[in-house]
Amino acid sequence: MKYRNVLFIDNHRWAQFHFRGKVMASLLAAGYDVTAAAPDSSYIADDNSVPGVKQVSLGLDRTSTGIVSNVKTFLEIFKIIRQRENCLVFLFTIKPILWGALACCLLHREYVAFFAGVTDMIRQDSCKGKFFCWVLHWLLRGAKEVIVLNEEDCLLLKRKKVASEKQLFVLRGGEGVDLEKYRPEKIFDRHGSGFIFILIARLLWSKGIKEYINAAEKIKKKYPKCSFLLCGEFDTFHPDAVPESYIRTAELQGIIEYRGRINDVIAQLKEIDCFVLPSYYNEGMNRSLMEALALGKIIITTDHKGCREMVKNGENGILIPVQDSEALYLAMERVLMMSGREREKMEYNSRQLAEDIFDVNYVIQHYHSLLEH
């Protein structure tokens, strides 16, 4: 065994286990000592931690740009890494990547940088953006691998010289989904009457919240028995946050049913007929879409990176342009007008696509290969 210890550093504890819990469990079973370092998320009701994984609390503020806050984050990460010998460190999201890569360079530890999405700073052609890319390039020179989740992000990091072609690896199925846990169930076919759409996302404008509500309002006038669920947290500190008043107004008007943050995603998705995500957010590979795919749901989403990969247009769902409420309305109506047999075929194709590309076991194999070589 080349390494004895595996360390995951991320900016959110719940997401860390939700996205990579199956990977961690497989590493434990293979005899590795696994540690997960991230800020506390005990305020979230559902505990999805993995028994046997050591948890280390990290005082990281993902939105802070203050010098004192960032120096404290670096020192914490440095201390966590220094305490672990014979270790491969996996760094997720931009702050852990920046400070974790610096700490690993100083401590001569091997590390993998994992870009679940590429920060907008890298896209900027300003002096600030170019300097940021230069710093990242310098920090990532020693990375064992730089992982991205889609081809666009891979090409961007190459073009900006953040990482070399030799370092970059595209996880084509994203971080994968547990196909045993997420299994479809046959539900009553509503034939357009009482049909249920859902959008699950952080409540940011760039997730297509406005487009969803506008299209829903138009559909409700023509098909009043249709339901439009909206699930997700308000992110009041994000510059792109949707005001709570906007959601509450749509709810009072009877356009949507807002269910807040949901703990049991599987139970919620089994209740619905069609998953909608009109995102133009800087996606890596959208997790909710993958889960809907595995549960055999018809998908309407945008022809946008991290979303288009989950749809074979016309086969398991419909792709629409970004920021186009009218196109979303027409796609919803198209799904409503399908026969039960047509929808059943789309649902079957969604599950097949999940099995072909998005199985978490493919991801697990890659982690093990990194640790073995």
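1. Helices here are DSSP runs of H or I with at least four residues, numbered from the N terminus. By this criterion, Ile67 lies in helix α2 (residues 67-82). Ile67 is exposed, because its relative accessibility is 69%; exposed denotes over 50% relative accessible area, buried under 20%, and partly exposed the range in between (1.4 Å probe, protein chains only).

2. The model is predicted: local features need pLDDT of at least 70 and side-chain atom pairs count only at pLDDT 80 or more, while totals for chains, interfaces and linings use all residues. Residues are numbered from 1 along each chain as its sequence is written, and side-chain values use heavy atoms, with hydrogens and water left out.

3. The largest nonpolar core has 91 residues, of which Phe8, Phe197, Ile256, Ile300 and Met332 touch the most other members. Such a core is a set of buried Ala, Val, Leu, Ile, Met, Phe, Trp, Tyr and Cys residues joined through side-chain atoms within 4.5 Å. Helix α11 (residues 325-337) supplies the largest share of this core, seven residues. A second, separate core of 39 residues includes Leu7, Phe74, Ala163 and Leu168.

4. Beyond its neighbours within four places in sequence, Ile256 has contacts (heavy atoms within 4.5 Å) with Tyr212, Ile213, Phe228, Leu230, Ile247, Ala250 and Glu251.

5. Glu217 belongs to helix α7 (residues 209-222). Glu217 is classed as partly exposed because its relative accessible area is 34%. Between the C-alpha atoms of Glu217 and Thr119 the separation is 33 Å, the two residues being 98 residues apart along the chain.

Terms used
Helix = DSSP H or I, 4+ residues; strand = E, 2+ residues; numbered from the N terminus.
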